[in-house]
Amino acid sequence: MKELVEKINAEFAVFAANAAAQVEKGNKAAGTRARKSALELSKLMKEFRKVSVEASK
């Protein structure tokens with residue numbers, strides 16, 4: 001589970017950097033990367049929820 005949390009933190013850092021580049025500089029390519037990263041974060045969060053529920057049983 002620790003490895004999964006590290007992956008989530010790393011992916012969020014990528015998302016935050018790209019989202020900031022889009023908002024602050026109007027970088028369209030960064031927006032595309034941020035959206036891709038958001039999808040990956042969604043998948044990781046679903047996996048975290050699954051693992052977390054199993055660990056709490």
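A crossing of two helices is left-handed if the near helix is turned anticlockwise from the far one by less than a right angle. The legends below apply this term to a predicted model.

**View 1. Two helices make up the fold.** The protein has 2 helices and 0 strands. Helix H1 covers residues 2–25, and helix H2 covers residues 28–56. Along the principal axes, the C-alpha atoms fill a box of roughly 45 × 15 × 10 Å. The radius of gyration is 14 Å. A compact globule of 57 residues would have a value near 10 Å. Of the 57 residues, 21% are buried.

**View 2. H1 and H2 cross.** Two packed helices are described by the angle between their axes and the distance between the axes. Here the axes of H1 and H2 come within 8 Å. They cross at roughly 155 degrees. Angles over 145 degrees count as roughly antiparallel. H1 and H2 are therefore roughly antiparallel to each other. The crossing in which H1 passes H2 is left-handed. What kinds of residues form the contact of H1 with H2? They divide into 16 nonpolar, 4 polar and 6 charged.

View 3. A search of the whole structure finds 1 aromatic pair. The partners are Phe-12 and Phe-15. Their ring centres are 5.9 Å apart, and their planes stand at 40 degrees. Is the pair stacked, edge-to-face or tilted? Planes under 30 degrees apart count as stacked and over 60 as edge-to-face, with the rest tilted. At 40 degrees, the pair of Phe-12 and Phe-15 is therefore tilted. Both residues lie in helix H1. They are 3 residues apart, about one turn of the helix.

View 4. Are Phe-12 and Phe-15 buried, exposed or partly exposed? Phe-12 has a relative accessibility of 46%, so it counts as partly exposed. Phe-15 has a relative accessible area of 25% and is partly exposed. The limits are under 20% for buried and over 50% for exposed.

**View 5. Phe-48 in H2.** Phe-48 is found in helix H2. Its relative accessible area is 29%, so Phe-48 is partly exposed. How far apart are Phe-48 and Ala-30 in space? From C-alpha to C-alpha, the distance is 26 Å. In sequence, Phe-48 and Ala-30 are 18 residues apart.

Conventions:
Residues are numbered from 1 along each chain as its sequence is written. This is a predicted model: local features need pLDDT of at least 70, side-chain atom pairs count only at pLDDT 80 or more; totals for chains, interfaces and linings use all residues. Side-chain values use heavy atoms; hydrogens and water are left out. Axes are lines fitted to C-alpha atoms, for helices over the stretch in contact, and angles run from 0 to 180 degrees between N-to-C directions. Helices (H or I, at least four residues) and strands (E, at least two) are DSSP runs, numbered from the N terminus. Angles under 35 degrees count as roughly parallel, over 145 as roughly antiparallel, 65 to 115 as roughly perpendicular and the rest as oblique. Ala, Val, Leu, Ile, Met, Phe, Trp, Tyr, Cys and Pro count as nonpolar, Asp, Glu, Lys and Arg as charged, and the others, Gly among them, as polar. Rings of Phe, Tyr and Trp (its six-membered ring) pair if their centres lie within 6.5 Å; planes under 30 degrees apart count as stacked, over 60 as edge-to-face and the rest as tilted. Buried means under 20% relative accessible area, exposed over 50%, partly exposed in between (1.4 Å probe, protein chains only). The radius of gyration is taken over C-alpha atoms; the globule rule is 2.2 Å times the number of residues to the power 0.38.
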